[in-house]
Amino acid sequence: MLEFNVPRVEALRATPRDEGKQRFVFVTMPGGDPFDLIGPMAVLREANYFLETSGRPDLVYDYEVVSNQPGTVFAADGLKIVVDTPCYDIRGDVDTVVFQAVDYEGKCLRDQRFIAWIRRISKRARRMVTACVGTYVLAEAGLLDGRRAATHWGSDKDFRRRYPYVMLDTEPIYVKDGNLYTSAGVTSILDLMLALVEEDFGSELALRVAQGMVMFLRRPANQSQFSVQLAGLKTDHEKIRDVVSHIAKNPGCDLTVERLGELAGMSPRNFTRIFAREIGMTPGKFVEVSRLESARRYLEQSTMHVGEIAHACGYSTTDGMRLAFDRNLGVTPREYRLRFC
């Protein structure tokens with residue numbers, strides 16, 4: 001007989017809004033990615049499991065699914081997702097509204113009734129949350145003007161063109177600005193949902209949920225969405241690609257502009273100009289982020305001492321690596337290792 005012992009979650013706290021259940025409304029639209037709907041619901045379901053087994057069923061999350069176009073919102077061979085309730089029928093208090101990634105080439109952004117409803121519900125909800133390119137719906141409603149937001153890095157140019165007054169940041173996996181929470185692509189909505197559970201009930205419940213779902217606990221919000229080392233190899237310029245590969249393989253070596261220009265057979269000035277054009281950032285910035293990626297891998301995959309990792313990745317001191325982690329990720333190397341090992 002298989003037995004699963006559930007640790008009791010102590011000292012749970014309710015949200016600042018009130019004591020009792022928190023109502024989540026998930027808003028889905030035809031053509032969206034079903035993961036952005038099912039994934040966040042799974043986080044709340046896991047949280048509810050631990051709340052109930054800890055003797056606090058009065059605090060469990062209530063959640064429901066609505067759509068701007070009720071009916072079939074997703075269909076594949078053997079699977080169909082049908083939503084019965086229109087979003088316009090939502091009544092009463094709402095704690096958090098979560099918007100699924102939107103098919104932004106479709107109709108929902110041109111649905112003026114839907115956009116007007118988003119503005120209205122935002123005045124009633126404590127939090128407005130988006131998954132991936134669900135950020136578009138908040139921007140279309142004007143809620144993100146002058147605010148900082150995240151979305152999938154692949155939508156960078158299109159989003160900036162459509163919504164020039166939004167302070168878009170495609171680096172972090174999620175961003176909180178006031179009561180607006182926006183996330184990057186695919187799995188980052190799980191990280192954001194876990195952060196909401198921690199915000200509501202504390203780190204112990206968030207830890208139980210992360211363990212139960214085999215997730216990283218509190219992946220840093222400002223962790224980069226993609227690998228700069230891999231992105232750098234996409235250039236067609238052979239000499240620049242060779243330099244990028246050299247930087248990735250040799251983080252502890254001399255990676256000054258002069259040395260890299262020499263490897264590329266160019267003057268430092270010409271190398272800097274061509275590198276920035278091909279890669280989209282200066283050689284110095286690329287080296288900084290690349291060394292950080294290498295240090296993260298060492299922390300995740302090895303038992304090396306932090307000082308040894310700093311030396312292997314080209315940092316002159318351990319403090320230098322710590323400052324780089326704090327500046328880019330908002331955590332220390334030791335904190336990063338605790339979260340990811």
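In what order do the six strands of the open sheet lie, and what is the pairing?

Analyst: This is a predicted model, in which local features need pLDDT of at least 70 and side-chain atom pairs count only at pLDDT 80 or more, while totals for chains, interfaces and linings use all residues. Residues are numbered from 1 along each chain as its sequence is written, and side-chain values use heavy atoms, with hydrogens and water left out.

The six strands form an open sheet in the order 2-1-5-6-10-9, with mixed pairing; strands (E, at least two residues) and helices (H or I, at least four) are DSSP runs numbered from the N terminus, and two strands pair if DSSP finds at least two bridges between them. Strand 2 (62-67) and strand 9 (174-177) stand at the edges, each with a single partner strand, so one side of each has no neighbour in the sheet.

Within this sheet, strand 5 (residues 94-99) and strand 6 (residues 125-130) pair in the parallel sense over five bridges, and the bridge partner of Val97 in strand 6 is Met128.

Strand 6 also holds Thr130, which counts as buried because its relative accessibility is 0%, where buried means under 20% relative accessible area, exposed over 50% and partly exposed in between, with a 1.4 Å probe and protein chains only. Leaving aside neighbours within four places in sequence, Thr130 is in contact (heavy atoms within 4.5 Å) with residues including Phe99, Thr135, Tyr181 and Leu192.
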